[in-house]
Each structure stands twice: as C-alpha cells, then as structure tokens.
Amino acid sequence: MSSFSVTEPSGRQKWFAGILVVLYAAVTLLPLLWIIGTGFKSPEDAISYPPKMIFEPTVEGYVNLFTTRTRVPEDQLKALGEPTTWYDKLVRKEGVVITGASRFAERFTNSVIIAFSSTVLCIALGTAAAYAFSRFKVPLKDDLLFFILSTRMMPPIAVAIPIFLMFRSMGLSDTHAGMILLYTAVNLSLSVWLLKGFIDEIPIEYEEAALIDGYTRFQAFYKVVLPQAVTGIASTAIFCLIFAWNEYAFAVLLTSGNAQTAPPFIPTIIGVSGQDWPAVAAGATIFLVPVMLFTILLRKHLLRGITFGAVRK
C-alpha cells in the first residue's frame, strides 16, 4: 500500500510564488491603470508620442464626457463674458463653449437597467429550472440539459440576422424589454448549468426533513435550499452580469436611440477636433465601476461558490 506526504513549501518557494503573483497582477492591471490615467490627460497628452508617463492631471476628459461643446471664434468667446462655473472655465481655455449635456448618462442608465434586469431574470428562471432538474424526474432530462447547453456552443452573433428580423417584426428593436429578454435568453443556459451543480451538492435529506416537519415543497425550497445555494447564486449572478454589461455586438445591431447601452456609445465620443480619447477613457473608467462594486460586494460568495464541492469527504 503506497503512501505519500505533503511537504510544506520552503521560504524560497513562497517568495518565488509571491513574486510571480505580483508580476502577473502588474501585467493584468497595466491596461486598466493606463485607461484610468488617460482619463486624466489632456487631449494633447493622450495622443503624444512617445506616450507621456508623467503629465499634469486634468478632469477635462470627464467634462467632455458629460457635455457637448462647440468651438467659437475668439471675438464671440469674449462677447460671452466670464465663465460662471469651473467646467466652463476649463473648456474656455481650449476656445470652446459647452452647448448642453451629452447622452452618456442616459446610455449608462440603459446599461444598468438592462444588465441588472436580465441578471435578475436569469437567476430567478435559472434557479427554478436547476432545482427542477436536480430534484425531480424530468422526462428526457439529459437530452434537455444537453439542448440547453448547446445554445452556448454557437456564438450569439451567428444568429444576429434572424434575431434582428424577429425583433423588428415584433416591435422589440431599440427597446429595453427586447434587450432584457435577449440577454436573459443568452445567459439562461449558463445559469441553469451552474446552479444545477450547486443545488446537486445540497443534501436532499435537508428538504426531506423539512417536508416531514410540515413544510410545503415551496417552503422547503425557499427556506432550506435557497439559503444554502446563495454562494452559487452569487457566482452565477456575477458571470451573467459581466456578459450583459459588456455585450457589444447585439447592442450595436439592435439599438440606436432609446435603449442604446454604453459599450456602443463610448467609442463614438467625438470632441471638437476629432476623437476625444480622454473622454473615451473617462467613460470606460466609469463604466467599470458598477461591475467592480458588484463583484467586490459578492467576493466572499464568489470565492466560496467557485470552490463549492471541490473537497468531498
């Protein structure tokens, strides 16, 4: 009978592993830090060559992100008098005036509504379907699960034309409801498969004990299964939200005004003299915040959810 022992890593090995982790984190975070830094550059510094690592920070990119501007002749600029706000004063230095608000806030709000609504629907429908597949004898269960999984095998953009024609005929083009339903349909297969794995790990004896105590099936599901499946639900919610939040192709194809989200809007930000890269970087930075906060809030559940069921006794 063979036996083996696990030895504790030496101090040198721990140092080496730590250095590798730090280097990997630095390489991974470099593009993110570059985007954040570009948001605080002036338009000239943003396109300078070689790239400037040390520059005078400015919030001009954020001002340009939330406003529309136009360049006016110097005599007209003097006729307008002194600027009344700090952001007016900031853009006057470039010989431009603010003419109104941009549509970034509206596009950002659309992203929040569509992404979070589709995530909630995915979790609700996915949890119910996963529970049914896990606990009941569903006819052709394996075939149905494979069919659900097969919907993820084909790139969603491959069915873009049929979906575009279907949405146009049903009046769902450029609507919040249409995008919510689409992202829910795309994410539902992932939701069902992930949540079924988590629910399978919950002993059925807990529910049977609850049923013996007089609980209904729904009460046993709500009071026994859901609290234990919260780690899996949190993990699945993060994955579904990230897809819906970052999705670009369908947003470009199916929206143009009312329901357009931030991803197709940010690259089109134009300044008074061409592409406004600081404003684009500022928009990308703000766009990262909700998903980062959502992930940070659920980070404990995410870690437990990823490792759930990895160690068996």
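Leu140 is placed in the loop between α6 and α7 (141-150), where helices (H or I, at least four residues) and strands (E, at least two) are DSSP runs numbered from the N terminus. Leu140 is not a glycine, yet its phi is positive, at about 55°. With a relative accessibility of 62%, Leu140 counts as exposed; buried means under 20% relative accessible area, exposed over 50%, and partly exposed in between (1.4 Å probe, protein chains only).

The model is predicted, so that local features need pLDDT of at least 70 and side-chain atom pairs count only at pLDDT 80 or more, while totals for chains, interfaces and linings use all residues. Residues are numbered from 1 along each chain as its sequence is written, and side-chain values use heavy atoms, with hydrogens and water left out.

A second residue with positive phi is Asp174, which is not a glycine either and has phi near 55°. Asp174 belongs to the loop between α8 and α9. At a relative accessible area of 17%, Asp174 is buried, whereas Leu140 is exposed. Another backbone feature is the cis peptide bond from Tyr49 to Pro50, with omega near 0°. Pro50 is found in the loop between α2 (43-46) and α3.

The chain as a whole comes next. The protein chain contains 16 helices and four strands. Its radius of gyration is 26 Å, well over the 20 Å that the globule rule gives for 313 residues, so the chain is more spread out than a compact globule. This radius is taken over C-alpha atoms, and the globule rule is 2.2 Å times the number of residues to the power 0.38. The C-alpha trace spans about 85 × 65 × 40 Å along its principal axes. Of the 313 residues, 37% are buried. Contact means heavy atoms within 4.5 Å; of the contacts between residues at least 6 apart in sequence, 75% join residues at least 24 apart.

In soluble globular proteins, nonpolar side chains tend to be buried together. A nonpolar core is a set of buried Ala, Val, Leu, Ile, Met, Phe, Trp, Tyr and Cys residues joined through side-chain atoms within 4.5 Å. The largest such core has 31 residues, and those with the most contacts inside it are Leu182, Tyr183, Phe250, Leu254, Ile266 and Ile269. Elements that give two or more residues to this core include α3 (60-66), α6 (104-135), α9 (176-200) and α15 (277-297). Apart from it lies another core, of eleven residues, among them Ile123, Tyr131, Ala229 and Ala237.

Phe250 illustrates the packing in the largest core. Residues up to four places away in sequence aside, Phe250 touches Pro156, Ile157, Ala160, Ile163, Met179, Leu182, Tyr183 and Thr255.

Several helical positions complete the picture. Thr285 is placed in helix α15 and, at 13% relative accessibility, counts as buried. Not counting residues up to four places away in sequence, Thr285 touches Ile35, Ile36 and Tyr62.

Leu211, in helix α10 (residues 204-212), is partly exposed, with a relative accessible area of 30%. When neighbours within four places in sequence are left aside, Leu211 is in contact with Thr216, Arg217 and Ala220.

Lys78 lies in helix α4 (residues 74-79) and counts as exposed, at 62% relative accessibility. Between the C-alpha atoms of Lys78 and Phe239, which are 161 residues apart along the chain, the separation is 53 Å.
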